[in-house]
Amino acid sequence: MHIIKIDPRALKDNPDDARRSKSNPQSDALMLATIKAVGIIQPPIVSPEADGGNGFVIQAGHRRTKQAIAAEIEEIEVIVTDAAEDGGAMRSMVENVAREPLNPVDQWRAIERLVALGWTEEGIASALALSVRQIRKLRLLANVLPAMLDQMAKGDMPDERQLRTIAAASISEQRQVWKAHKPNKNETTSWWSVANGLSKTRMYARDASFDDELAQAYGIAWVEDLFAPADEDSRYTTDVEAFLGAQQEWMTNNLPKNGIITELNGWNGPELPKKAERVYGKPKKSDHTAMYLDRDGKVQSVVYRMPEPQTTKGKAAKGKAEEGGAVAPTQRPDVTQKGQDMIGDFRTDALHEALGRAPIEDDTLMALLVIAFAGQNVRVDTGSGNTGSFSSQIAPHAASLVDETGKLSFDMETLRIAVRSVLIEVLSCRRNMSNSGIVSRIAGDVVGADRFLPNMGTEDFLLCLSRQALEAACAETSVLPRNKVRETRAALVEHFRQERFVHASALFAPDANELADWKARNEISADEAAGDAEGSVDEPEAGHTDPDAISEGFREAAE
């Protein structure tokens, strides 16, 4: 290795230079101004021309040489070194990547050039500090139609999902679609249309119930999706017919007793036999199983129950009567259906009158509240995560308060458990249809639920905060805000590993304005209050309890 002076016009470009796309005009102008002012600080690297030539080939410094010529410099210093075995292809790529990221298309083509020169995927990955999977992914992209690559090299890039679809198609398919969707001059490409024309239905190996032996029998060859996360099984096939055939055979071989194979109905569910009822709870031995393939080709199964056989009615019963003798005429019930409806109205009015006026002890009131929530007419969108209807969750607690004769029979501990269970099922702050609104916030404040909030100083939650919110969180800690949001967030996550953080917006106490508005909207009018007073009895109500005492009792229970 030595330094010589040479006319930059005598230097020859390296055919294996990694950077093929045109450089940024602003960057070139800046380099030209710098060379005119102070000259070339870092000499280009050259090597003697191969095959007996007398010239020199540029290994690194093509832009410096070009701008030196533009600056009309007669001679520049260059470093002369021996040529690499691959013609300097790897050296050129590493040198370009270190200075400025390569255009993606240049990177794809450079890797293909290195492979052609004898480099292995493992060697390229080690030299560029990339994973072998990433190198394979780049090699796959290098097989994109050259005309598409030229368009991408201009900065007109599809998104990753579109690129994945394009790269998975054959060159002939790409050529046909590109002919139909090629953009006009100075226009951008509708990559969505290109990807849509090349898209194919994929059936994934992770959704397959059959094994490798059955896959081979159906001629299924799995293809790895190199764009998917490396920690998941991303193998797929576009041979949909073979995949579904293998799934069908697996279902046939693994069909349980009392099982059937069925098809999808119009609501993306299984087509069950007529009068069949789907079972969502614990199945019985007499229940049946239906297996089917969903829209993604996955094997699904549901349990269903057929109705019990009914006694013979109608013409068959008439025939039996004729054979065995006369049948006694059907007797009229003591009370008709209309009479039962009237009884229901009478009972409801009497029950409401008693609940409004009769003296009731506090513990009896609490027990009746639990029982009322177990009624079949009650529907609550619960946020507790329990499955099944609301009444089915409350019914066991209601039953524990009643004895065999239908009378209330319980101890206070059983009552407390039942009441707490009802409150847990009813009250919810989730942002979905189960949201109880401001009442859940009031209840949480009363029982001190703030103390049970988890540590929110995690990466998942802090990602939801703005820069201002993150800096506000720093104010109460020893952490100083960083220039970059992600650095501030990382510092807070590390800090809160040892301490608990609860964001102010998560506290239960409702906003004063929101609370006042809610109370105003639900205020009892003077007419309603007068009506209640007229219907009350003179004797003291045993069920009346001071609200402050209730709040204090909740706090003691929480502690």
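Which residue caps the N-terminal end of H22? Here are some friendly notes, starting with that helix.

1. **The cap on H22.** Asp-511 does the capping: one of its side-chain oxygens sits 3.1 Å from the backbone nitrogen of Asn-513. That is a polar contact, meaning a pair of N or O atoms within 3.5 Å; within protein, one must be able to donate a hydrogen and the other to accept it, and residues adjacent in sequence count only if both atoms are side-chain atoms. Buried stands for under 20% relative accessible area, exposed for over 50%, and partly exposed for what lies in between (1.4 Å probe, protein chains only).

2. **What kind of model this is.** The model is predicted: local features need pLDDT of at least 70, side-chain atom pairs count only at pLDDT 80 or more, and totals for chains, interfaces and linings use all residues. Residues are numbered from 1 along each chain as its sequence is written, and side-chain values use heavy atoms, with hydrogens and water left out.

3. **The chain as a whole.** There are 24 helices and twelve strands; these are DSSP runs numbered from the N terminus, with helices being H or I of at least four residues and strands being E of at least two. Of the 559 residues, 31% count as buried. The chain exposes about 36800 Å², and carbon and sulfur atoms supply 51% of that; accessible areas come from the Shrake-Rupley method with a 1.4 Å probe, and for residues only the protein chains shown count as cover. Among contacts with a separation of 6 or more, 68% join residues 24 or more positions apart, where contact means heavy atoms within 4.5 Å.

4. The structure holds ten salt bridges, each a side-chain nitrogen of Lys or Arg within 4 Å of a carboxyl oxygen of Asp or Glu. In one of them, Asp-287 meets Arg-305 at 2.8 Å, N to O. This pair links distant parts of the chain, 18 residues apart: Asp-287 is in the loop between E10 and strand E11 (288-293), while Arg-305 is in strand E12 (residues 299-305). Asp-287 counts as buried because its relative accessible area is 7%, whereas Arg-305 is partly exposed at 28%.

5. **Salt bridges within helices.** Glu-413 and Arg-416 form a salt bridge at 3.6 Å, N to O. Both lie in helix H17 (residues 412-426), three residues apart, about one turn of the helix. Glu-413 is partly exposed at 48%, and Arg-416 is partly exposed at 42%. In helix H20 (residues 467-474), Arg-467 and Glu-471 are four residues apart, also about one turn, and their closest N and O atoms are 3.9 Å apart in a salt bridge.

6. **Loop residues worth a look.** Asn-258 has a positive phi of about 60° although it is not a glycine; its loop runs between helix H12 (240-253) and strand E9 (259-261). Lys-275, another non-glycine residue, has a positive phi near 70° and lies in the loop between E9 and strand E10 (277-279). Is each of them buried, partly exposed or exposed? Asn-258 is partly exposed at 34% relative accessibility, and Lys-275 is exposed at 70%. In the loop between H17 and helix H18 (438-446) sits Ser-428, which is buried at 4%. A polar atom of the Ser-428 side chain lies 3.2 Å from the backbone nitrogen of Arg-430.
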